[in-house]
Amino acid sequence: MCKDFYTDNLPESRDITRCHNMKMNLFHDDEQFMARALDLARQAATLGEVPVGALVVREGVVIGEGFNRPIGAHDPTAHAEIMALRAAAAIEANYRLPGCTLYVTLEPCAMCAGAILHSRVARVVYGARDPKTGANGSVIDLFAEPRLNHHAQIEGGVLADDCGRLLSSFFSARRQRTAIA
Ligand SMILES: [Zn+2]
């Protein structure tokens, strides 16, 4: 299990203890990066956009960030993942992002899953599941589709409660405003 998880990161001389320690560190980093994605999601909320945030990390360094802004940008493709991938690709001057990890507060939709696979991002970490449009098993699972020629490693549930609560409070407030108006 450890070997699969860290194929790109572990030295040849790895041992179980070292692997365990690195796993702990990585998990800790996952939460820190997701906390930053949550900050980005809150920025979206202040602009009246559905609060989803994303960032791309290479070797522990954030190289691209974005948040959901389809309404303000008049752009149906302006999901957080797309914005972060575009920013990272511009920084890298490369349309592909091998070895990178994408963090996003919500399970990617089919459009973003497609962009993720095209970008060759190595790993995706998300927070809350999306029962309406989630493309990692909630509605469909494009990440497990064997007919697609590239796959990113993906895992959900990192700070899932915080990510989900931000979304539900946003929609609750919006419903209240609609009821009053
Ligand atoms: Zn999306």
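I began with C109, which at 10% relative accessibility counts as buried, buried meaning under 20% relative accessible area, exposed over 50% and partly exposed in between, with a 1.4 Å probe and protein chains only. C112, at 0% relative accessibility, counts as buried too. I then looked up the zinc ion and found it coordinated by H79 (ND1), C109 (SG) and C112 (SG), at 2.1 to 2.3 Å. Donors here are N, O and S atoms within 2.8 Å of the metal (3.2 Å for Na, K and Ca), and water is not among the atoms, so sites may look incomplete. Along the chain these donors follow the spacing H-x29-C-x2-C.

**Basis.** I note that this is a predicted model, in which local features need pLDDT of at least 70 and side-chain atom pairs count only at pLDDT 80 or more, while totals for chains, interfaces and linings use all residues. Residues are numbered from 1 along each chain as its sequence is written, and side-chain values use heavy atoms, with hydrogens and water left out.

I read six helices and five strands in the protein, taking helices (H or I, at least four residues) and strands (E, at least two) as DSSP runs numbered from the N terminus. Their pattern along the sequence is α-α-β-β-α-α-β-α-β-β-α.

**Salt bridges.** I counted nine salt bridges, each a side-chain nitrogen of Lys or Arg within 4 Å of a carboxyl oxygen of Asp or Glu. One of them joins E155 and R123, whose closest N and O atoms are 3.1 Å apart. Because E155 lies in strand β5 and R123 in strand β4, this pair ties together parts that are 32 residues apart in sequence. R123 is buried, with a relative accessible area of 7%, whereas E155, at 22%, counts as partly exposed. I also noted that D30, R123 and E155 are linked in a network of salt bridges. Another salt bridge brings together the side chains of E92 and R58 (2.8 Å, N to O); E92 lies in helix α4 and R58 in strand β1, so the pair ties together parts that are 34 residues apart in sequence.
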